[in-house]
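Please read this note beside the sequence and the structure.

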Amino acid sequence: MNIESRLAQIGSVSEPTTGAVSFPVYQSTAFRHPRLGESTGFDYARTKSPTRSVLEDAIADLESGDAGFACSSGMAALQTVFTLFSQGDHLIVSLDLYGGTYRLLEQIMSRFGVSASYVDTNDVEALEEAYRPNTKAILIETPTNPLMMVTDLKLVCGWAKSKQLLSIVDNTLLTPYLQRPIELGADIVIHSASKYLGGHNDVLAGLIVTKGQELSEKMAFLHNSIGAVLGPQDSWLLMRGMKTLALRMERHEHNATTIARYLQWHPLVTDVYYPALESHPGYAIQNRQSSGNTGIFSFKVTDARLVEPILRHVKLIAFAESLGGVESLMTYPAVQTHADIPLEIREKVGVDDRLLRFSVGIEHVDDLITDLAQALELAQAEVEGDNQA
Amino acid sequence: MSTDKKLGTKIIHFGGEIDKTTGASSVPIYQASTFHHFSLDNPPEFDYSRSGNPTRQALEDYITLLEGGARGFAFASGMAAISSAFFLLSSGDHVICTEDVYGGTYRLLTAILTRMNIETTFVDMTDPEKVKAALKPNTKAVFLETPSNPTLKITDVSAICAWAKENGLLTMLDNSFMTPYHQRPIEQGVDIVLHSATKFLSGHSDVLAGLAVVANDSLGRRMKQIQNGLGNVLGPQDSWLLMRGMKTLKVRMEGSEQNARRLAEWLDSHPAVGAVYYPGLPNHPGREIHEKQSSGYGAVVSFDVNGGERARKLLSEVKIPLVAVSLGAVESILSYPAMMSHAAMSREVRLERGITDGLVRYSVGLEDIEDIIADLDAALSHLLG
């Protein structure tokens, strides 16, 4: 069945008692055992819960994996995966990385003796250089956030396999609708499902998908033991969001591409980072391994002083953290999402004080361009006013 | 809410009972994952729901007030709260843990944290000397559970905490069985109080949740970093449901305890029953210490029916309690620790800790006690054959 059909039908044929097409929200934490040693398959909600199970089966299917696990946030998904590792283990991680992942590695996992090297994961030579005898896994974001660097998943997962490393891919920005990393060789896919999968900025959630029986069993053990699981109401809301994923992603991509092309020629913009643009260095790889592009892109303005007035003057576009919702949001990575990454790493990657990240919503594209154009114009007037004063 | 009010009043008037904007009598459920910044220079109180959410915040303030701590944290489950507390430690650290600990905590320590090179010594905490004897140069924390699960052993909280403080150790206590209504460990010197709020705090077997309350601001800052970093937070719907449950904490704790005391006394004289574990029984070895540090005995009664076959039979004969894992709900729940809550322990370790094949745990609910006893009497009569 095509992915659009599978998305629309999530949970709709899973409820045998009443035939409800929307799967019920099971708040129950305990489940009666028919008799001692027998179980309905559900014992305690942390271990397995009916509503969460439907979601977990759905994401495993969509990502072409063997098992799915729903967590209380994207970071909880990452934390659950990281507990696979032990003291002395080493990880290779994307250089341009979400700030929360960096913080988890450097402020918490490091205390448990798990270390990380940050490299451009599309550069196999750099990967070889970062590789150590105690390296256990590679964590790839593609495209990265916020600079949209693209990694060739088939190539890099193949390299990881040759070194017996686990490949973990953060697929938050593309979702299985546009990219399925397990089909390209990844062992584990993770999601901040608060973003496109949820799609409405109203659910905090994380998902893990594993390939292979042994890895799936290990992850089930950790998921239950650490207990960072997703509640039933949020599981239900997330599935509700996922039913419209295909439609939303189509519109997000259309809007983002149109606005990126507009900004590319704007006199106040120096760079636009978006793999849908032919000028992007990852354009060819992105086209090969994904069936489309995400709805966020980043751009740099000519002068850092423009940032504050732009954020103040946008009307339709909200100034807020997060991304992937139906409503447009603009973020200032240097002070918001990436504030925990040291300046030297940020500058090496290019997350500087002229960079803005735009999560393009599904509003009418003309309204978004109008809003952006007036904010840029007013910001320019203010900065010029300052120059003259 | 001024802090001089009685707990029963604080439970109802905790500060979150009136929504500031609309006057609504219940905190709204904020599903929002993100919050608009009105200006770059004045970041809003809430910016992203993992870091802070208004509904979750109301709950976190609520439990802080009840436990008399400095700051509270809500997590996706009791195990998420407990694992977060352990994430304050580092490789090379050593923990002294009560040997009669919940199976999930035991699993976390022995199957996961060992790989991070965090070492644990399990000791019988009813004897403070044994705790002291377990001290090593790298000991960083002491983990207490009193009354313990499932054999309801009592640890002298202030004695252990005073010693721990002298030795610079962090103390953590799982207060799920008593709740702050009966026991406020921070007043006894504990640094971090932990809850599986799935149990008595929510009280309806319909929310999976964990809570932590810390005694001071510096621990509060460290715990905040862990909670935000790991992201194992409680969702807004579940935060709301938990607060709704907590509003009836006083009446539920009193009602179920009254039932439990009657049941324990009745079981104690029943010919089919061996040992009965309940701190409210006159013969309970920890009763005096328990009474010093708590205002009630709780609603969990464990008892031994002498052998696995007999336990199996009892579980198949009872009609009122749910045969299930978990506890602390309005409905009675009967569980079999050997195969449920403590299945993560090997049989050998389990037997050493008194979790025999004949031990069952009765979480007494709010049904009429006459019905509970009649049901159990009928089931037990089958064991006598």
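Predicted model: local features only at pLDDT ≥ 70, side-chain atom pairs only at ≥ 80, totals over all residues.

1. **The contact between the chains.** Chain A contributes 63 residues to the contact, and chain B contributes 65 residues. The area buried between chain A and chain B is about 5200 Å², and carbon and sulfur atoms give 58% of that area. Within the area that chain A buries against chain B, Leu36(A), Phe112(A) and Phe319(A) supply 14%, more than any other three residues.

2. **Polar links across the interface.** How many salt bridges cross the interface of chain A and chain B? The rule finds zero salt bridges there. By contrast, the search for polar contacts across this interface finds 35 residue pairs, with both residues at pLDDT 80 or more. Several elements of chain A give two or more residues to the side that touches chain B, including helix H3 (74-82), helix H4 (99-108) and strand S10 (318-319). Helix H8 (213-226) of chain A is also one of these elements, and the largest share of that side, five residues, comes from H8(A).

3. **Salt bridges in chain A.** Side chains of opposite charge can pair when their charged atoms come close. Over all chains, the count comes to 26 salt bridges. One of them joins Arg52(A) to Glu56(A), whose closest N and O atoms are 3.1 Å apart. These two residues are four residues apart in helix H2 (residues 50-62) of chain A, so about one helical turn separates them. Arg52(A) counts as buried because its relative accessibility is 1%, and Glu56(A) is likewise buried, with a relative accessible area of 8%.

4. **Salt bridges in chain B.** Glu119(B) and Lys136(B) meet through their side chains in a salt bridge of 2.5 Å, N to O. Glu119(B) lies in strand S3 of chain B, while Lys136(B) lies in the loop between helix H5 (128-133) and strand S4 (139-145) of chain B, so the pair ties together parts that are 17 residues apart in sequence. Glu119(B) counts as partly exposed at 31% relative accessibility, and Lys136(B) counts as partly exposed at 31% as well. A further salt bridge, of 3.6 Å from N to O, connects the side chains of Lys132(B) and Glu129(B). Both Lys132(B) and Glu129(B) lie in helix H5 of chain B, three residues apart, about one turn of the helix. Lys132(B) is partly exposed, at 36% relative accessibility. Elsewhere, salt bridges that share partners join Glu308(A), Arg312(A) and Glu382(A) into one network.

5. **Aromatic pairs.** A pair of aromatic rings is described by the distance of the centres and the angle of the planes. The search of the whole structure finds 13 aromatic pairs over all chains. In one of these, Tyr106(B) and Phe122(B) form a tilted pair, with 5.1 Å from centre to centre and 45 degrees between the planes. Tyr106(B) lies in helix H4 (residues 103-112) of chain B and Phe122(B) in strand S3 (residues 119-123) of chain B, so the pair ties together parts that are 16 residues apart in sequence. Both Tyr106(B) and Phe122(B) are buried. In chain A, ring pairs link Tyr274(A), Phe297(A), Phe299(A) and Phe358(A) into a cluster.

6. **Charges over rings.** Arg353(B) lies over the face of Phe122(B), at 5.0 Å from the ring centre. Lys163(A) lies over the face of Tyr131(A), at 4.8 Å from the ring centre.

7. **His90(A).** Is His90(A) buried or exposed? With a relative accessible area of 0%, His90(A) is buried. This residue is found in strand S2 (residues 90-94) of chain A. Leaving out residues up to four places away in sequence, His90(A) touches several residues, among them Ser115(A), Ser117(A), Ala130(A) and Arg132(A). The side chains of His90(A) and Ser117(A) are joined by a polar contact of 2.7 Å. His90(A) and Ala130(A) are 40 residues apart in sequence, and their C-alpha atoms are 9.8 Å apart in space.

8. **Asp352(A).** Asp352(A) is placed in the loop between helix H13 (343-349) and strand S12 (355-359) of chain A. Its relative accessible area is 18%, and Asp352(A) is therefore buried, the limit being under 20%. Apart from neighbours within four places in sequence, Asp352(A) is in contact with Lys300(A) and Ala334(A).

Notes
Residues numbered from 1 in each chain as written. Chains lettered and ligands numbered in written order. Heavy atoms only, no water. Phe/Tyr/Trp six-rings, centres within 6.5 Å; stacked < 30°, edge-to-face > 60°. Buried < 20%, exposed > 50% of the residue type's maximum accessible area, 1.4 Å probe, protein only. Lys NZ or Arg CZ within 6 Å of the ring centre and 35° of its normal. Contact = heavy atoms within 4.5 Å. Buried area = accessible area lost by both parts, 1.4 Å probe. Salt bridge = Lys/Arg side-chain N within 4 Å of Asp/Glu carboxyl O. Polar contact = N/O pair within 3.5 Å; in protein donor to acceptor, adjacent residues only side chain to side chain.
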